[in-house]
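Colleague: I would like to learn how to read a structure like this one. Please take me through it feature by feature.

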Amino acid sequence: MKNDKPSGPPTLQARLGIAHYLPKLWKINLTVVSLTAGALLVWPVLDTGHSRRGSWSGGPVTNHHRLLEQTCSSCHPVAFSAVPDQSCTECHEVRAHADTVAPIVKKHPELGERCVNCHKEHHDEESLIPTRSILCTECHNRINELSPETDQPNFNSFLQHPEFSVQVWMGEPPELRKVQLGEPGLRSVTQLKFSHARHLTLADNPLQCANCHEFGDHLVKPVTFLEHCESCHDLKFDETPDSPTIPHRAADHVYDFVRWEVTRQRVILGDKAALNKAAIASESRDAEAALFTQGGECVRCHDVHEVADADDNQSSFRIEPPAPTSSMSSAVFDHQGHRFTPCEQCHQGIRDSLSAGDLLLPSISVCRDCHADPGTPGKTDSHCLQCHNYHQLAH
Ligand code: HEC
Ligand code: HEC
Ligand code: HEC
Ligand code: HEC
Ligand code: HEC
Ligand code: HEC
Ligand code: HEC
Ligand code: HEC
Ligand code: HEC
Ligand code: HEC
C-alpha cells in the first residue's frame, strides 16, 4: 500500500487534523505519566535490556504519538505481535462509522478492518489520517453484498458516486423524506413565505446574497427576522407615527403585548368606563385577529394556524417555526473554499425562486465540473475523504 502522504488544500488538512504539530502538552503528560508507570510492569523488553529493544524497532512514530514512543506497550501489549484495536480504544473513543459496520467486520475478516488498517504507525512525519479512497471503496464497492438491507448502490469512485440526496419535510402532515437532488421543481414544506426573486430585484436597492447569508465554520448561519428582515419590515402595531413595535415572538407573547397596548391606549384616553375587562378582552381579540389574518403583519411572512378553544390568556393563533432547511448531513461542505465560484453556479434557479420551499441545492453533476477521482487536468483530485469523515459522518 502507498504511504499516507497528506494531499489536498490546507483547509482539508486542517479539517482532518493532518498536521504535524505536537498535541497539547498536558494531554500527553497525563498519558505518559500513567503509561510509564504501567509499562514498567507489563513490558518486559524495557526492563530486560536495550539490546533486545534495539533489535525490535518499528522506526519513529508520528508526532501525535511521539511522547508515547518509548512506551511500546501502550500500543503493543505483546511484543512482536500485531496491535489490537483495544490498545487504541483505551485512549481513543471513536464513533462507529455506521450501526451496521460492527457485524459486517465480524463476518468479513478479509476486510482487515482494524484501527491500524487505516491509521498506520512508525511513518514518522507522515499523517496518521489516511486519505485514500480504497479504504472506503473496499466496502462501498460491494455494499449490497456486505449490507443487504442498504439502499445505497455499489460504487468505486466519485465518477460512479450516486446522486446526492437530502432529507426534507414533505407532504401533509409533513414528514421527513429522503429525496434525490437534480430533479427540477423539488419543494419542501416550509412555514415561511419568502421570494428570492422579489428581493434580488427590488427597484431602488436590490439585495445581495451576503445581505442575508453569512458563512461560519462549514455552516451557513441561519437567516433571522431581527438581523435580516426587520430593517425593511418593521412590525408596527398601528398606523400612527409613534406606533409601538410588536415583539417578534411566539403568538402568546404577542397576544400579551396586544392586551397591554389596548389597555394602555384606553388609559391614555382617560376613559374610566372603557377600562372594563370584557371590553378590553374583546378589543384585544379584534386587534390580534388583525395581525394574524389576511392582510395582517404576521401573515405577511408566515403560515398562521388557528387555535381552537384558546383560553383567556392564550392567543387564538399559532405560528410554527420554519422547518429547518435540509442539509447534507453525511458530507462536509465548506462555502469558504468555494468563495470564488458564483453562488448561482451551484444554486441554480435561485434568482427566479418565488418560495422559500424551493429546494435549490446542487446536484452532483455541478461538482463533477471541477472534482474527479482520480484528478484530471483542470479537475481537482477528490478522494472520498475530501468530502466525508469516517467516524464523525456529520459536520
Ligand atoms: C502509538 C502506537 C504505537 C507505539 C507507541 C509503538 N508502536 Fe509499533 N506499531 C504500531 C502500529 C499501528 C504498527 C503496525 C502494526 C500492525 O499493522 O499490526 C506497529 C508496528 C511495529 C513494528 C512492525 C511489526 C510488524 O509486525 O510489522 C515494530 C517492529 C514495532 N511496531 C515496534 C515498536 C517498538 C519497539 C515500539 C516502542 C519503541 C513501538 N513499536 C511503539 C503502533 C505503535
Ligand atoms: C496512551 C494513549 C494512546 C494510545 C494507546 C493511542 N493513542 Fe492515538 N493519540 C493519543 C494522543 C494523546 C494523541 C494526540 C491528541 C491530540 O492531538 O489532541 C493521539 C492522536 C491520535 C490521532 C490523531 C488525532 C488527530 O486529531 O489528528 C489518531 C488518528 C490516533 N491517535 C489514532 C490512534 C490509533 C489508531 C492507536 C492504536 C494503534 C492509538 N492512537 C493509540 C493517545 C494515544
Ligand atoms: C476505514 C478507515 C478507518 C478505520 C478502520 C478507523 N479509522 Fe479512525 N479515522 C479514519 C479517518 C478517515 C479519520 C479522519 C476523519 C474523521 O475524523 O472521521 C479518522 C480519524 C480518527 C481519529 C481522530 C478524530 C476523532 O474522531 O477523534 C481517531 C482518534 C481515530 N480515527 C481512531 C480510530 C480508532 C481507535 C479506530 C479503531 C477502533 C479507527 N480509528 C478505525 C479512518 C479510519
Ligand atoms: C467496513 C465497511 C465500510 C468501510 C471501510 C467504509 N464504509 Fe461507509 N458505510 C458502510 C456501511 C455498512 C454503511 C451503512 C449503509 C446503510 O446502512 O445503508 C456506510 C455508510 C456510509 C455513508 C452514509 C452514511 C449515512 O449517513 O447514511 C457514507 C457517507 C460513507 N459510508 C462513507 C464512507 C467513507 C468516506 C469511507 C472511507 C473513509 C467508508 N464509508 C468506509 C460500510 C463501510
Ligand atoms: C433578504 C434576504 C435574502 C437574500 C438577499 C437571499 N436569501 Fe437566500 N434565503 C433567505 C431565506 C429567508 C431563506 C429561507 C430560509 C429558511 O427556510 O429557513 C433562504 C434560503 C436560501 C437557500 C436554501 C434553499 C434550499 O434549497 O432549501 C439557498 C441555497 C439560498 N437561500 C441562496 C441564496 C443566494 C445564492 C442568494 C443570492 C443570489 C440569496 N439566497 C439571497 C433569505 C435571503
Ligand atoms: C432591503 C429591504 C428588505 C429586506 C431586508 C427584506 N425585504 Fe421583504 N420586501 C421588501 C419590499 C420593498 C417588498 C415589497 C416588494 C414588492 O412588492 O415588489 C418586500 C416584500 C416581501 C414579502 C411579500 C409581502 C407582501 O406583502 O406581499 C415577503 C413575504 C417578504 N418581503 C419577506 C421578507 C423576509 C422574510 C425578509 C428577511 C429574510 C425580508 N423580506 C427582507 C424589502 C425588504
Ligand atoms: C418580514 C417577515 C416576517 C414577519 C412580518 C414576521 N416574521 Fe416571524 N419569522 C420571520 C423569519 C425570517 C423567521 C425565522 C428566523 C427567526 O426565528 O427569526 C421567523 C420566525 C418566527 C417564529 C419562530 C421562532 C422560533 O424559531 O421558534 C415565530 C414564533 C414568529 N416568527 C412569529 C411572528 C409573529 C407573531 C409575527 C407577527 C407579529 C411575525 N413572526 C412576523 C419573518 C417574519
Ligand atoms: C460549489 C458549490 C456552491 C457554491 C458556489 C455555493 N454553494 Fe451554497 N450550498 C452548497 C451546498 C453543497 C450546500 C448544502 C451544504 C450542506 O447542507 O451542508 C449549500 C447550502 C447553502 C445554503 C443552505 C444552508 C442550509 O442549511 O440548507 C445557503 C443559504 C447557501 N448555500 C447560500 C449560498 C450563497 C449565498 C452562495 C454564494 C456566496 C453559495 N451558497 C455558493 C454549494 C454551493
Ligand atoms: C468551480 C469549480 C468547483 C465546483 C463547481 C465545486 N468545487 Fe469543490 N473545490 C474546488 C476546488 C478548486 C477545491 C480546492 C481543491 C484543492 O485545492 O485541491 C475544492 C475543494 C472542495 C472540498 C474540500 C474542502 C475545501 O474547502 O478545500 C470539498 C469538500 C468540496 N470541494 C466539495 C464540493 C462539492 C460537494 C461540490 C458540488 C456541490 C463542489 N465542491 C463543487 C472547485 C469546485
Ligand atoms: C466532491 C465531494 C464528494 C466526494 C469526493 C465523495 N462524496 Fe460521497 N457524498 C457527497 C455528498 C455531498 C453526499 C450527499 C450528502 C448526504 O447524503 O448527506 C454524499 C453521499 C454519499 C453517500 C450516501 C449515499 C446515499 O445514497 O445515501 C455515501 C455512501 C458516500 N457519499 C460515499 C462516498 C465514497 C465511498 C466516496 C469515495 C469514492 C465519496 N463518497 C466521495 C460528496 C462527496
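Modeller: Start with ligand 6. A residue is near a molecule if its C-beta atom, placed from the backbone, lies within 6 Å of it. By that rule 16 residues lie around ligand 6, and Lys193, Phe194, His228, Cys229 and Cys232 come nearest. The elements giving two or more residues to this shell are helix H10 (196-199) and helix H15 (297-301). Helices (H or I, at least four residues) and strands (E, at least two) are DSSP runs, numbered from the N terminus.

This is a predicted model, in which local features need pLDDT of at least 70, side-chain atom pairs count only at pLDDT 80 or more, and totals for chains, interfaces and linings use all residues. Residues are numbered from 1 along each chain as its sequence is written, while chains are lettered from A and ligands numbered from 1 in the order in which they are written.

Colleague: How many nonpolar, polar and charged residues has the shell around ligand 6?

Modeller: Ala, Val, Leu, Ile, Met, Phe, Trp, Tyr, Cys and Pro count as nonpolar, Asp, Glu, Lys and Arg as charged, and the others, Gly among them, as polar. The shell around ligand 6 has eight nonpolar, five polar and three charged residues. Around ligand 5 there are 14 nonpolar, nine polar and no charged residues.

Colleague: Which residues come nearest to ligand 5?

Modeller: Of 23 residues around ligand 5, the nearest are Leu207, Cys209, Cys212, Cys343 and Leu360. H10 and helix H11 (209-212) each give two or more residues to that shell. H11 gives the most, with three residues.

Colleague: Which residues make up the largest nonpolar core?

Modeller: In soluble globular proteins, nonpolar side chains tend to be buried together. A nonpolar core is a set of buried Ala, Val, Leu, Ile, Met, Phe, Trp, Tyr and Cys residues joined through C-beta atoms within 7 Å. Buried means that 20 or more other C-beta atoms lie within 10 Å of the residue's own, exposed that 12 or fewer do, and partly exposed is in between; C-beta atoms are placed from the backbone. The largest core here has eleven residues: Ala251, Val254, Tyr255, Phe257, Val258, Val262, Leu291, Phe292, Cys298, Phe317 and Ile319. Two or more of them come from each of helix H13 (251-269), helix H14 (277-292) and strand S4 (317-319). The largest share, six residues, is from H13.

Colleague: Where on H13 are the buried residues, and which are they?

Modeller: An α-helix has 3.6 residues a turn, so residues three or four places apart point the same way. In H13 the buried residues are Ala251, Val254, Tyr255, Phe257, Val258 and Val262. They cover an arc of only 160° around the axis (taken from the directions from the helix axis to the C-beta atoms), so they are on the same side of H13. Arg264, Val267 and Ile268 are exposed on the other side. H14 and S4 are among what covers the buried residues of H13.

Colleague: Which residues of H14 are buried?

Modeller: They are Ser284, Glu288, Leu291 and Phe292. Their arc around the axis is only 80°, which puts them on the same side of H14. Ala278, Ser282 and Asp286 are exposed on the face turned away from the buried side.

Methods: Contact = placed C-beta atoms within 7 Å.
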